[in-house]
Every structure is written in C-alpha cells, then in structure tokens.
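Today I want to see how two chains sit against each other.

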Amino acid sequence: MKSLFVAFAPGEAEHAAGFFATLGGDWAATEVPPGLVADAAAAALRSASEGFTHIAAVSSMRSKDVLARLAGLLDAAMVTDAVSINSPTSFVRPIIAGTVLATVETMAQPVVVTFRPSGFSGDSAPGQMVSLPTPPEGQAKRTAENVRGGSRPDLSQAKRIVSGGRPLKDAETFERVIGSLADRLGGAVGATRAAVDSGIAPNELQVGQTGKIVAPDLYVAAGISGSTQHMAGIKDSKCIVAINTDPDAPIFEFADFGLVADLFQAVPELASKL
Amino acid sequence: MNVLVPIKRVVDPYARVKPLPDGSGLDVGSVKFDVNPFDEIAVEEAVRMKEADPSIHVTVVSIGGAECEEQLRKALAYGADEAVLVETNDPMDSTVVATELEAVVRQLNPDLVLMGKQATDDDCNQAGQMLAAKLGWPQATFACKIEVGSGTARVVRETDTGEETLEMNLPCLVTTDLRLNEPRYIPLPGIVRARTKPLSKQPRATSAQPKTRVTRLDSPPPRPAGRKVGSVDELVAALRERGVL
C-alpha cells in the first residue's frame, strides 16, 4: 500500500500527517501549483499517481474539482469528505448535510479520497516528494480572477472564527461588527448562506455543508439561527458561542455558551472586553 | 444547440431523515422525494437559455427506477423539451452514473451538459467531473454565471478564495452552484402541459459496476449540551475558564 498526497494550498501538509498516520503505509507528496485549471491538473496527476493505491487531498472546492476528474480518468473509487478511516477500504463520511454518517466500502483501486483534516491526528511524514509532470495546456482558459482575502487567516484553517447571519443588514455593518471582533481575536470571518445570498458577505466566507467546513478552537456565531446546513459546517468546532436575540433559536442547542442578546450591543462589548 | 441536464431524485432536502436503528438504510417513512436542488438550478438555467434563444433544445435525463418519472415530469414543467429515463434498479455510485451518462451523451450529442455540483442526499460532488473526464471535455464546476456564445462558453465559478472566469469551447460540462439562479415557481398549466411532453425510457447501456458501496448509516454523536450565560462578562469569564481566549 502506497499513497500519494496532493497538496493544493500551503499548510495542508501538516493535516496530511494525521490522515496518513491513520490510513497506514508509506506516502509521498506532490503539489499542484495555483492557477492550473482542473482538466490540466487532472491530466498531470494521472501520470503522477501511477503505482499508488490511494490518492488523497484535503477537502476543498479545488480538490473536489480536480480529484473527481482524476478519479474519472483513472476509473477509480472515490470517497469525498472522509472524516474517519476504518481500514484502507472503509471510510466514514457525512451525507445529507451532515445529519447522517455513512460507512463507505471501496471495491476497486486506486482509491481517491478528499478528507476533512479535523477528524485525524497522529504523526507521519512523506517518504518522498513527487514532482508533478508538466501539465498539458488547459482545455479551459482562465480569463479573469477575483481573489479576495486580505490580512485575515484562511477560514478553513483558522483557530478562531466569528460568523454573522442576515441580521447584519448590509456589507458595511457586517464588516464593522463581525470584522472588528474577528480582528480583536486574530481570527477569520465567516457567514451564513443567507448572509451570502443577500449580498451581505462574499461567497467564499460561507460556512456550512455547501460552503466551508470549519473546525476552529472558538466559533462565535452572531445573529445565526443554526440551520442544519450551517451546523453541519461547524459541529467539529471545539467551542461554539451563540449570540442571538431569539432564545429559541436552534443554535442554542449546539452552542457551548449561549447569550441571548442583541448582537449589535453584545459583539462590540465582547470585543472591548478581550 | 442542445443542452443535456442530468437530474437526480433525492429525498426531500428539507425533511429530517434518520438512519434505521440497525444502520442498514435510511428511515424515509413518509418523506417525499424531489429533484436534487442543485439539478433544479441546472434545469432553470437551461430553460432560461432556451427562453433567450428558442432554437436551444433542452433534454433532461435521470437514471433510476420508474419513480424517477415524477422528477423528470417536474423538469419538463420547468420548460425542458424532452426527458429520458435510463430505467434501472441496480446499485449505483458516481462512477456508474458517470459511465451511464457518458453513453447518453454519445447517443444525444449535446453541446453542453449542465448538472448540479452535488446531490443533497449523498453529497458526493463527483459525477459531473467524472463525466467530463470520461468525455474528455473541459469542465467548470461551482458555476455562478454562465454565458454561452457561438461555440464557446464563459463561466464565472466560485472558488475557495473568491471567483474566477473560465472560457471553454463547446462541448463542455458545467456544474451549478447555489447562486447561479433562483428556480422559478412552476404554475399549474406548466405541470399539465408537461404531461404531454415526450418522455422515453431505455435500459442501461453499460454493465459498469459500482466501485463503492455504503455498508452502514449512523447518526452522528450529539454535541454535549452547553449552557446559557447572562451577560458578556459572564461569557468572557466562561471562555477564559475554557482556555479558548
């Protein structure tokens, strides 16, 4: 058994250690440079992955885009969003917006896996680095790119996250209230689907089953009711704080600490007392 | 131009479903089934293209049992021109779906395949990319804007860090994300009219076997119950005690 880790972003290698320590066997690592479109990346990975039993990457939109295409090229079995491993042919993954855990058995090789790093611990190191063969020219051409971000930590790897929902009203209020507390905590900013859909927050900040799955040490949810979809994205957080005016909001069932209060008063007050 | 929209019948995404006590399957009870919401967005987008250019022909396809006819009829009610049901009760995973869809594409020769980024039941996010790989077509996943010109498509797609624009020659495959559009409400006449639109049934074209199977379903462990705090001061104290500040 020999696995290949495919890194799509810096900092992912440390998450790979836990995954491969749990999976067992030797592993090698390769890196897909930023900017490569899926068809070109998958074609290059196809030759790089020869001889490996498992090809794995940290779950992200990019890894799903590329690795599912790679699985199609390799005629491989594929497991998306693995959260634990029973054996090299049996994985657990969430389905139905995280409300059910499915045990999936793979019946062919190679096995292509994307995994959520928070589920794995342990230490291991790659035995070798595999350089990615020169990719073919992409069939799709990237003609424009709008990378947002700035100085805050990456949402999917942040230790502290402050998220807001639709009660934040508009983009300016959202940034002022949520952004200030996040900066005070040295953390990232997240948002609900409702906040993103109504234009209060940009799409890449969406936390939830169809957005980013996060697992910080501290997750502060302000003005978030706690839809199934959103909770699926935050349930592995170590400590969840909910601030909401509605005492019956479902998020209070999940929160470690709940504060029934107006977020426009409580969030700035919290920031000032840290 | 021909657009093919594969759709999946899924358990109502707004219903709470639980595993059966023995973990052998889902307790769907009286829960309804519907078109996968991401596929619904794909159908809506294809129908909008057709409304802008009536020469566009929209075919919807589903793979599954006879009951999938219900979801195909709904897609026809949206405004699709015809429907194909690949009728089977075989166990399937994304690899089988992609292999069967590849055969349907070879049969119908669409210029564009438009489908949901993932199904809300298994949440796999695989079939579209696998199909594009098998066809050797360019792909754009997580689309939030699609413009089709003569022989080309320009797609704005959501990424982990923002958005990017991809340009591709047709034929190509696009998977749809939430913010591409908001599917319309279907008025009654549309549903009635859909009954007379063509829906053909055909058997599977391949003998592809699944490469994964679900052996067990469980409920996730519940989070331990938390507590309410009375003030911001109390919250700060609790967070310090927990060691997260």
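How much area do chain A and chain B bury between them? I looked it up: about 6,400 Å², with 54% of it on carbon and sulfur atoms. Buried area here is the accessible area (1.4 Å probe) that two parts lose on being put together, summed over both.

Before going on, I noted that this is a predicted model, where local features need pLDDT of at least 70, side-chain atom pairs count only at pLDDT 80 or more, and totals for chains, interfaces and linings use all residues. Residues are numbered from 1 along each chain as its sequence is written, chains are lettered from A and ligands numbered from 1 in the order written, and side-chain values use heavy atoms, leaving out hydrogens and water.

**Contacts.** I found 80 residues of chain A in contact (heavy atoms within 4.5 Å) with 69 residues of chain B.

**Salt bridges.** The rule gives 10 across this interface; a salt bridge is a side-chain nitrogen of Lys or Arg within 4 Å of a carboxyl oxygen of Asp or Glu. One I checked joins Asp256(A) to Arg242(B), with the closest N and O atoms 3.3 Å apart.

**Strands.** I then saw β15 (257–260) of chain A pair with β15 (227–229) of chain B, parallel, over 3 bridges. Strands are DSSP runs (E, at least two residues), numbered from the N terminus, and two of them pair if DSSP finds at least two bridges. Phe257(A) stands opposite Arg227(B) there.

I also traced an open, antiparallel sheet of 4 strands: β5(A)-β6(A)-β7(A)-β14(B). Its edge strands are β5 of chain A and β14 of chain B.
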